[in-house]
Amino acid sequence: MAALPVYRWRLAPDGYATRRQLRARGLRPGGQDVAAQLERPRRRRGPLVAYLYRIDLAKPVRPMTPARWAALDKANTARRTCPACRRDAGYVIPTTLGTCVPCATPEQYAA
């Protein structure tokens, strides 16, 4: 296996992009291997590393189908539903609490 080319921060040649940069262009890596590596030096710690992909081998992002939209809606609803009171909290339940805020701190919400 050949070693990946490593470029310093902001010095990567044209034709390479990170996942976020590909996504901003409406592209995805599309199964290609990492083509290069970008390193940003830091003091007192190891460098930050970003993987680069070739833009010419990237594929368009797959469109959302009605079934994928439905699955995403179902997953988001599950994240908003309190397991204790089974109500939609209107926000994503914090994992640190495990329940909605009124169920986690009933003494504050007692009338």
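Contact here means heavy atoms within 4.5 Å. The model is a predicted one.

## The loop residue P83

P83 is found in the loop between α2, which covers 66–80, and α3, which covers 101–104. Not counting residues up to four places away in sequence, P83 touches G98 and T99. P83 counts as partly exposed, because its relative accessibility is 49%, and the partly exposed class ends where exposed begins, at over 50%.

A C-alpha to C-alpha distance of 48 Å separates P83 from A12, and the two are 71 residues apart in sequence.

## The buried residue T18

T18 is found in the loop between β2 (16–17) and α1 (19–24). Is T18 buried or exposed? T18 counts as buried because its relative accessibility is 18%, and buried means under 20%.

With neighbours within four places in sequence left aside, T18 is in contact with A50, Y51 and L52. One of these contacts, Y51, also belongs to a nonpolar surface patch with L4 and V49.

## Salt bridges

How many salt bridges does the count come to? The count comes to two salt bridges. The rule asks for a side-chain nitrogen of Lys or Arg within 4 Å of a carboxyl oxygen of Asp or Glu.

D56 pairs with R54, and the closest N and O atoms of this salt bridge are 2.7 Å apart. D56 counts as exposed, because its relative accessibility is 55%. R54 counts as partly exposed, with 33% relative accessibility.

The side chains of D88 and R80 form a salt bridge as well, at 3.3 Å from N to O. D88 counts as partly exposed at 46% relative accessibility.

## The nonpolar patch and L4

L4, V49 and Y51 make a nonpolar surface patch of about 250 Å². L4 is found in the segment before β1 (6–8), whereas V49 lies in strand β5, a strand that covers 48–54. Relative accessible area is 32% for L4, so L4 is partly exposed. V49 counts as partly exposed too, with a relative accessibility of 41%. Patch members need over 30% relative accessible area and no salt bridge.

Where in sequence are the contacts of L4, its neighbours within four places left aside? They are V34, A35, A36 and Q37. For Q37, the C-alpha to C-alpha distance to L4 is 6.5 Å, while the two residues are 33 apart in sequence.

## The positive patch

Which residues form the positive surface patch? The patch is formed by R10, R40, R42 and R45. Like charges are joined within 9 Å in such a patch.

R42 has its place in the loop between β4 and β5, which cover 36–40 and 48–54. At 33% relative accessibility, R42 counts as partly exposed.

Technical notes:
Residues numbered from 1 in each chain as written. Predicted model: local features only at pLDDT ≥ 70, side-chain atom pairs only at ≥ 80, totals over all residues. Heavy atoms only, no water. Patch = residues over 30% accessible without salt bridge, like charges linked within 9 Å, V, L, I, M, F, W, Y side chains within 5 Å. Areas by Shrake-Rupley, 256 points an atom, 1.4 Å probe, with all protein chains shown as cover. Lys, Arg positive; Asp, Glu negative; His and termini not counted. Charge placed at Lys NZ, Arg CZ, Asp CG, Glu CD. Helix = DSSP H or I, 4+ residues; strand = E, 2+ residues; numbered from the N terminus. Buried < 20%, exposed > 50% of the residue type's maximum accessible area, 1.4 Å probe, protein only.
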